[in-house]
Amino acid sequence: AMLGLENYLGRKFTHVIAGEIGGGNAIAPMIVAAQSGLPVIDGDGMGRAFPELQMDTFMIAGIPPSPAVLADHLEHVTVFDGIDDPTTLERFARVVTIQMGGGAGLAMCVGDKPTVQNAAIPGTTSLAIAIGEAVLQARSGRGNPVKAALGVTGGRELFTGKIVNVERRNEGGFAKGILNLDGTGEYSGHKYAIDFQNENLIVRTESGEAMIIVPDLICLVDEDSAEPVTTEVVRYGLRVSVLGIPAPVQLKTEQALKYVGPAAFGYPQVPYIPMEGTYGQPAGARV
């Protein structure tokens, strides 16, 4: 995909950066860097995972979504150009990706150094590595992996619970649904629900009150190992710790919330109330 975009523009790139520090999209730039010899910028366009292109900070900052290139494992290349709206590019690219077998590489958002500095969320690759190192060190030293992860991210434990029901449906190419959990330990006797669309969106108490709201991060991890429990693998009976992590400041602006706030996911009636804390900074840390 990167070579296809280079060929189309007649230019060579000097760096690569992740559009999303989530799942395989966080690793893809590393693979491209290993193949091309280019350095990877320590940052990304989300500071978390989101399901759609218009939710990327590069798009929010007004960087044109095209030209963009999709490529499959057979090196078939599709170029998109003249598209000013990322939601349109998202719609077209999903159709082509399905025809490519359900998986494709995407290269887009060409910019210079000031453009990247203005749009990207810095330090997220380092943060991801730091989380992993903290969790592994806690496991090997018989520490608490969940507390170790929270100590790096600036988040807090919302509750621990057992998943008692998963309502999942495919809608518009997304996995949507609701998780129902019964509190465990000190949270026993309480019930919670989590709305999700690929990623977790809102945590609600049994009274319906929203505890944590997108774009703040809602993370389910195994309560013993801190191994992530994603919406694809969540199932009845799992015992999890539910963590809240403050969103990066770039996602909390009035402009960004149009694309990544609750209304963007179909919850116009839910106001976004930021959780306390600073992304990537433990409570009480000096920034």
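Mentor: Helices (H or I, at least four residues) and strands (E, at least two) are DSSP runs, numbered from the N terminus. By this rule the chain has eight helices and twelve strands, and leucine 201 belongs to strand S9 (residues 199-205). The model is predicted: local features need pLDDT of at least 70, side-chain atom pairs count only at pLDDT 80 or more, and totals for chains, interfaces and linings use all residues. Residues are numbered from 1 along each chain as its sequence is written, and side-chain values use heavy atoms, with hydrogens and water left out.

Trainee: Is leucine 201 buried or exposed?

Mentor: Buried means under 20% relative accessible area, exposed over 50%, and partly exposed in between (1.4 Å probe, protein chains only). Leucine 201 has a relative accessible area of 2%, so leucine 201 is buried. Of the 287 residues of the chain, 45% count as buried.

Trainee: With which residues is leucine 201 in contact, leaving aside its neighbours within four places in sequence?

Mentor: Contact means heavy atoms within 4.5 Å. With those neighbours left aside, leucine 201 is in contact with Asp195, Phe196, Ile212, Ile213, Val214, Ile218, Phe265 and Tyr267. For Ile212, eleven residues apart from leucine 201 along the chain, the C-alpha separation is 8.1 Å.

Trainee: Which residues touch the most other members of the largest nonpolar core?

Mentor: In soluble globular proteins, nonpolar side chains tend to be buried together. A nonpolar core is a set of buried Ala, Val, Leu, Ile, Met, Phe, Trp, Tyr and Cys residues joined through side-chain atoms within 4.5 Å. Here the largest such core has 19 residues, and Phe159, Leu181, Leu220, Val240 and Val242 touch the most other members. Two or more residues come from each of strands S6 (156-171), S7 (174-183), S8 (191-197), S11 (217-222) and S12 (239-245). A second, separate core of 17 residues includes Phe50, Ala247, Ala256 and Phe265.

Trainee: Where is threonine 153 placed, and why does threonine 153 count as buried or exposed?

Mentor: Threonine 153 is in helix H7 (residues 145-153), and its relative accessible area is 5%, so threonine 153 is buried. Beyond four places in sequence, its contacts are Ile131, Ile245, Thr278, Tyr279, Gly280 and Gln281. The C-alpha atoms of threonine 153 and proline 246 are 8.4 Å apart, although 93 residues separate them along the chain.

Trainee: Which residues of helix H1 are buried, and against which elements do they pack?

Mentor: In helix H1 (residues 2-9), the buried residues are Met2, Gly4, Leu5 and Glu6. They pack against helix H2 (24-36) and strands S2 (68-71), S3 (77-80) and S4 (105-107). Glycine 10 follows H1 and has a positive phi, near 70°.

Trainee: Which peptide bonds are cis, and which residues other than glycine have a positive phi?

Mentor: The bond from serine 66 to proline 67 is cis, with omega near 10°; proline 67 lies in the loop between helix H3 (57-60) and S2. Valine 214 and proline 215 are also joined by a cis bond, with omega about 20°, and proline 215 lies in the loop between strand S10 (210-213) and S11. As for positive phi, cysteine 109 has a value near 60°, and arginine 142 has one of about 60°. Arginine 142 is in the loop between helix H6 (124-140) and H7; its relative accessible area is 80%, so arginine 142 is exposed.
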